[in-house]
Amino acid sequence: RYFLEFFSAPILGNVADIKGRKIVFILAFLVCAIEFFLLAFFPSVTMIYVTRAMSGLGDAGVATAYAMITDIAVYNNDIVSQQFGILAAMIGLAFIVGPIFGGYLSMISFELCFLVSACLSLLGAILSFIFLEETRFYRSREYSHLEEASSQILLKEEAHPLNPIAGLRIHF
């Protein structure tokens, strides 16, 4: 999962910057829904590996949510770090409530836990498609000249995902 996420995250980030954050956010919900449906109908160790690999390829929901929050907060002249704190609190609440809810559902049926999760992910994709606006266009016009200048400076070689690792030196 994390190996695939390491290589797909920069690609999905570029897609979010070029095509829009909404489509990447909906894609993350749909990949999550497909994973849970597969686990509900085909429970096996092999399917766990397949769905974890899918999760690595399509795991862009949280990063895209932070990008959307940044776009909206800058557009509304809000404090970005305050909005990040609210999202982090919601994610923390989900990590508390989710396992409790999933534990109760798994007492009824193990497959029911996956089916409810898949339906909630599908509902998130549908609601995002209907109600979520594209936030990529919220960028302030006064900063557009800075974005153009920075995009001209960044070369393809500098954007390679392994460049930060190449600069590391191990000292014993």
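Start by selecting Glu134: leaving aside neighbours within four places in sequence, Glu134 is in contact (heavy atoms within 4.5 Å) with Gly20, Arg21 and Lys22. You are looking at a predicted model, where local features need pLDDT of at least 70, side-chain atom pairs count only at pLDDT 80 or more, and totals for chains, interfaces and linings use all residues. Residues are numbered from 1 along each chain as its sequence is written, and side-chain values use heavy atoms, with hydrogens and water left out.

**Stop 1: around Glu134**

Glu134 sits in the loop between α6 (110-131) and α7 (144-153). Helices here are DSSP runs of H or I with at least four residues, numbered from the N terminus. Is Glu134 buried or exposed? Glu134 counts as buried because its relative accessibility is 18%; buried means under 20% relative accessible area, exposed over 50%, and partly exposed in between, with a 1.4 Å probe and protein chains only.

Now show the backbone of Arg21 and Lys22. A polar atom of the Glu134 side chain lies 2.8 Å from the backbone nitrogen of Arg21. The side chain of Glu134 also reaches the backbone nitrogen of Lys22, at 3.1 Å.

**Stop 2: two helices side by side**

Next, select residues 2-18, helix α1, and residues 45-58, helix α3. Two packed helices are described by the angle between their axes and the distance between the axes. For α1 and α3, the angle is about 30 degrees and the axes are 7 Å apart. The axes are lines fitted to C-alpha atoms over the stretch in contact, and angles run from 0 to 180 degrees between N-to-C directions.

Which residues meet here? From α1 come Leu4, Glu5, Ser8 and Leu12, and from α3 come Ala53, Gly56, Leu57 and Gly58. The residues of this contact divide into 4 nonpolar, 3 polar and 1 charged. In this grouping, Ala, Val, Leu, Ile, Met, Phe, Trp, Tyr, Cys and Pro count as nonpolar, Asp, Glu, Lys and Arg as charged, and the others, Gly among them, as polar.

**Stop 3**

Phe3 counts as exposed, at 60% relative accessibility. Phe3 and Leu57 are 54 residues apart in sequence and 9.2 Å apart in space, C-alpha to C-alpha.

Then move to Ser55 in helix α3. Ser55 is buried, with 8% relative accessibility. Not counting residues up to four places away in sequence, Ser55 touches Arg1 and Glu35.

**Stop 4**

Finish with Cys113 and Cys119. Cys113 is buried, at 16% relative accessible area, whereas Cys119 is partly exposed, at 44%. How many disulfides does the structure hold? The structure has 0 disulfides, a disulfide being a pair of cysteine sulfur atoms within 2.5 Å.

How values were computed:
A polar contact is a pair of N or O atoms within 3.5 Å; within protein, one must be able to donate a hydrogen and the other to accept it, and residues adjacent in sequence count only if both atoms are side-chain atoms.
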